[in-house]
Protein chains: 2
Amino acid sequence: MNPVELIIKKRDGGRLSGAELEELVQGYLAGRVAEYQMSAWLMAALLRGLDESETVALTRAMLASGRQLKLERVRVRKIDKHSTGGVGDKVSLCLAPLVAACGVAVPMIAGRGLGHTGGTLDKLEAIPGYRVRLDAAAFERVLKSAGASIIGQSNAIAPADRRLYALRDVTGTVESVPLIVASILSKKLATGSDGLVLDVKAGRGAFMPNLARARELARALVRTARNAGLRTTALITDMSAPLGRTVGNALETREAIEVLHGSGPADTRELTLVLGAEMLVLGGRTRSLRTARALLERALADGSGLERFARMVRAHGGDARVADDPARLPRARVRVPVPAARTGTLTAADAWELGWVSVGLGAGRTRAEDAVDPAAGIELCHAVGERVERGEPLAFLCASKRSLVERNLARATAAFRIGARAPRARLVLERLER
Amino acid sequence: MNPVELIIKKRDGGRLSGAELEELVQGYLAGRVAEYQMSAWLMAALLRGLDESETVALTRAMLASGRQLKLERVRVRKIDKHSTGGVGDKVSLCLAPLVAACGVAVPMIAGRGLGHTGGTLDKLEAIPGYRVRLDAAAFERVLKSAGASIIGQSNAIAPADRRLYALRDVTGTVESVPLIVASILSKKLATGSDGLVLDVKAGRGAFMPNLARARELARALVRTARNAGLRTTALITDMSAPLGRTVGNALETREAIEVLHGSGPADTRELTLVLGAEMLVLGGRTRSLRTARALLERALADGSGLERFARMVRAHGGDARVADDPARLPRARVRVPVPAARTGTLTAADAWELGWVSVGLGAGRTRAEDAVDPAAGIELCHAVGERVERGEPLAFLCASKRSLVERNLARATAAFRIGARAPRARLVLERLER
C-alpha cells in the first residue's frame, strides 16, 4: 500500500478501512511511512475527521503495536480511571488505593505533565524512591498485593501512541477528537481492564475549553470504548479553577494523602468519591452508586485506603512513611504570598493561568527533556466563592529561587478575580453512561 | 517564531503574514522547520487554502530562496512560456527558437516528466550531446547568441521550490492551486523575464481534469503573476487526447523539428503559432495577434526558426545535425502496431491512459531516480475525428524490448474509442489576459 494514497484518501474526505489504518500504523513503526507522511496524514485526519469505524480501527491498530497485558493472576475485577488533564488534579493518587481498599483492582498507566497541566507520574515521583517504571510482571505483583499500581507508559505498551503523540505535539495535530480518543483508549485497552471511568475536564484549565467540546470528546470516548469492547462511564467535570488547594507535585501528593486521612479540600474529596463510586459500580462491587459511596467513605474513615496507598508506595520502592508524615515530602525553599488586591468575594481563580504559573515556578516542563522541581507550585488559600480581605494572601507561590517567584507574581495576581458574587460552582457537569 | 504556531494558524483557517511565510520558507531551508512540520503545514494549506496576498508572499519567499537572474546582456525583450503539463506536448522545443527568430528572447527553465506527463528536458536530452545544465553565465551567452535557451532548474534557482516540490510529491499535497501557483511563478520570476505566456491544460491528460479546475488555476496564476509584477497571458487548451501524433522523447523531438520544417501535425503547429503570437505581443514585437502569427508563419517558411533551433542545440553541446536529419535521433528496436478493433470514427484517444502506456514503455519514470529510454513511446496514426478501418494500426508502440510492449498493449488498445461521430474538438478553450 502506498502511503501517499492513504494520505490523499483522507485528504479528500474518504474513509480508510481497518486494513489501511493497520498498514499506516505498522508502516509508520517499521519506517515504511515517513514522519513527514504521517504528519500530513494526521493533519488531513484532523481537518477531515475520522468516523466511528475508523476511530475504532485506529485504536485497535495502535493497541496492536504493543503488548496487551492479561493480569490473569489478579482475581478481582480491574477498573481503570482516566482524566483528560487539568490543573491541581491529584485525584488518581488517593482514588486508586481507595478503590482498591473496597475490593476492585486499579491498574493505571499514567502520564507526565503536559503544557499547563500536571501529570500523575510527576506527582508520584515527589515521593522519595517511588519508581514509575515497572515491568509487566512487577506491575501484576503490585496489583495483586496492593490492589492498585500506577506506572508510566513503557515502550511495550502501545508504542505507536508514544511516537504519534510526540509527532502530533510538534505538528499542530493534537486537538482532534478521534486522534485523542485513539491515543487514550489504545493505552487503556492494553492493561486488560474490565471497565474504565473517564473524567473529562471542561473549562479554562482543560484541553476542552467549554462544555460543548468536552461533551463531544466524552461521547466519542464512550462510544469508541464500547465499540472496542470496554465498558465505560464518563463524567464531565469542571476545570475552570484548579481542583483543591494545591498545584504542583509534592503539594498535590500531600493533599491526596490528606484526603486519605479523611480531610483535605471538599472538592478533591468529592471528586474522589464520585469517580470511585462509578468505579465500584463498573467493577461489580455493588449496583448502587449510593452504596458504593458509603463503601468508599468507610475506607476513608477506617484508614484502609491510606493503608493501601502506603502498600502501593512501598511496592514501588517509595518511602511509605509519607502516608503518615507528609512533611517528608520535598518542601520549597522560597514561599511568597500573593495578596488580595481588594476585599470581596473570590469569583475566579483561572486554572489555565495558574497552571502556567506553576510551570513557571518549576513544577512543569516547557520542553520534554526538562526536569521538574517536585517542591515547586502553588498553595491556594481560598476556594472560589469565599470572602477575602484586602491584603490577605490568596495563595503562596513555592519555588527553589526567589527570581522564579518574582517572574510569576504578576501573572499569579492577575489570575484571581475578586467581585461581588461568585457564579454557582458545580463539580460534576454531566454524566454519560456506557 | 515557533513552526507549530504557524501550522496551527493555517490549520484553523488563519492568514499568514508575509514575514511569517518568509520565516516558514527560510526556516525550512535552514532546518529550523522540520520536514514533518512543513508537510503538516502544506496539508493545512491545501485544505484551508491560501488567499491572494499569502500566495504572492509565498511565491516571493520561494523566489528569494535562490538567485534571481538579470540577463542584462540580452538586449531584446524576454518572454517565457510555461505549460502545466500534458501528454505529447512538445511545443516548447519548436516554439522557443521560432519566437527567438522573430526577435523576442526566450529564457526557459523546463522540467522533467512527472507522473503520466512528459518533460521538455527529457525530450531535449534525446538529442545526442544536449546538456540541460548550464550555469547562469552560459545561459545568458546562449540566449544572446541563439535567442532561446532551455535549461533545467539548478540549485541556484528557487531551491525552496525544489525541496517543497519533492516533499509535496510524497505527502499528497500536490493538488493545491496556491501551492502550484507559487511553485510555477517562483521559478518563472527568477529568470527575469518581461512577460509570461501560460498554457494551462484541461482534460484527461492534464493535472486539471476539467475546464472549471483549469480556469481556477489559470485565473490564480494570472492574478498572482500580475501582483508579483509579471505581465502574463494564459490560454486554457485541450488535453483530452495527446497533442500531435507522438508521445515519448525522441519521437516528440522529431515532431517538433517537423513543425519547424513547416510540416508536422496540424494541432502541434497550431498551438505553437497561437502561443508564439501571444509571446510576440507580450514581448512588444507587435500589438496584433494576427500580425504576430504572420511573423511566425514567415519564420517557419523561411527556415529561420529551424536555424535558431540548430543554433540553440549546438550551443547546448547537442548534435545540431538532427535539425535537418531527425533520423539521427535514437530509434526504438521494437515497434508494434495497435490495430483498430472495428471500422468507424476515432472518437477518443485517452491522454491519461496513453501517457501511462508511454511511461510503461520506458519513456517516463515511476521513481525519480529512474532513467528514461529516449527512443520509447507511441506513434499515433490518426487524429480524433478521423475514419479508421478495422485492423489498420491506430498507433505503434515503440520500446527497447518486446516484453514492455506486450505488457502495455491491452491498455493502449483500450485507450482508443471508435464510434459513429467524434465530438467537435477545440484546441484553445479560453484565453485570460494579463
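Predicted model: local features only at pLDDT ≥ 70, side-chain atom pairs only at ≥ 80, totals over all residues.
Local features require pLDDT of at least 70 and side-chain atom pairs pLDDT 80 or more, while totals for chains, interfaces and linings use all residues; side-chain values rest on heavy atoms, without hydrogens or water. Residues are numbered from 1 along each chain as its sequence is written, and chains are lettered from A in the order in which they are written.

Chain A is divided into domain 1 (3-49), domain 2 (79-326) and domain 3 (331-419). These bounds come from an automatic or database domain assignment. The centres of domain 1 and domain 2 of chain A, taken over C-alpha atoms, lie 31 Å apart. Contact (heavy atoms within 4.5 Å) involves 10 residues of domain 1 of chain A and 13 residues of domain 2 of chain A. The two domains bury about 1,100 Å² between them, with 76% of it on carbon and sulfur atoms. Buried area is the accessible area (1.4 Å probe) that two parts lose on being put together, summed over both. On the side of domain 1 of chain A, the most area is lost by A:Y28, A:L42 and A:L46, together 49% of what that side buries.

The interface of domain 1 and domain 2 of chain A holds one salt bridge, defined as a side-chain nitrogen of Lys or Arg within 4 Å of a carboxyl oxygen of Asp or Glu. A:R163 and A:E35 meet in a salt bridge at 2.7 Å, N to O. Two residue pairs are in polar contact across the interface of domain 1 and domain 2 of chain A, both at pLDDT 80 or more. A polar contact is a pair of N or O atoms within 3.5 Å; within protein, one must be able to donate a hydrogen and the other to accept it, and residues adjacent in sequence count only if both atoms are side-chain atoms. On the side of domain 1 of chain A that touches domain 2 of chain A, α2 (18-30) and α3 (35-48) of chain A each give two or more residues. Helices (H or I, at least four residues) and strands (E, at least two) are DSSP runs, numbered from the N terminus. The largest share of that side, seven residues, comes from α3(A).

Between the chains, 21 residues of chain B are in contact with 21 residues of chain A. The area buried is about 1,600 Å², of which carbon and sulfur atoms give 73%. In chain B, B:R11, B:Y36 and B:L47 lose the most area to chain A, together 35% of what that side buries. Two salt bridges are counted between chain B and chain A. B:R11 pairs with A:E175 in a salt bridge, the closest N and O atoms being 2.7 Å apart. Nine residue pairs are in polar contact between chain B and chain A. The elements giving two or more residues to the side of chain B are α1 (3-11), α3 (35-48) and α8 (159-169) of chain B. The largest share, 10 residues, comes from α3(B).

Over all chains, the search finds 68 salt bridges. A:R204 forms a salt bridge with A:E353, the closest N and O atoms being 3.8 Å apart. The pair links distant parts of the chain, 149 residues apart. B:K201 forms a salt bridge with B:D199 at 2.8 Å between the closest N and O atoms. Both B:K201 and B:D199 are buried, that is, under 20% relative accessible area, where exposed means over 50% and partly exposed lies in between (1.4 Å probe, protein chains only).
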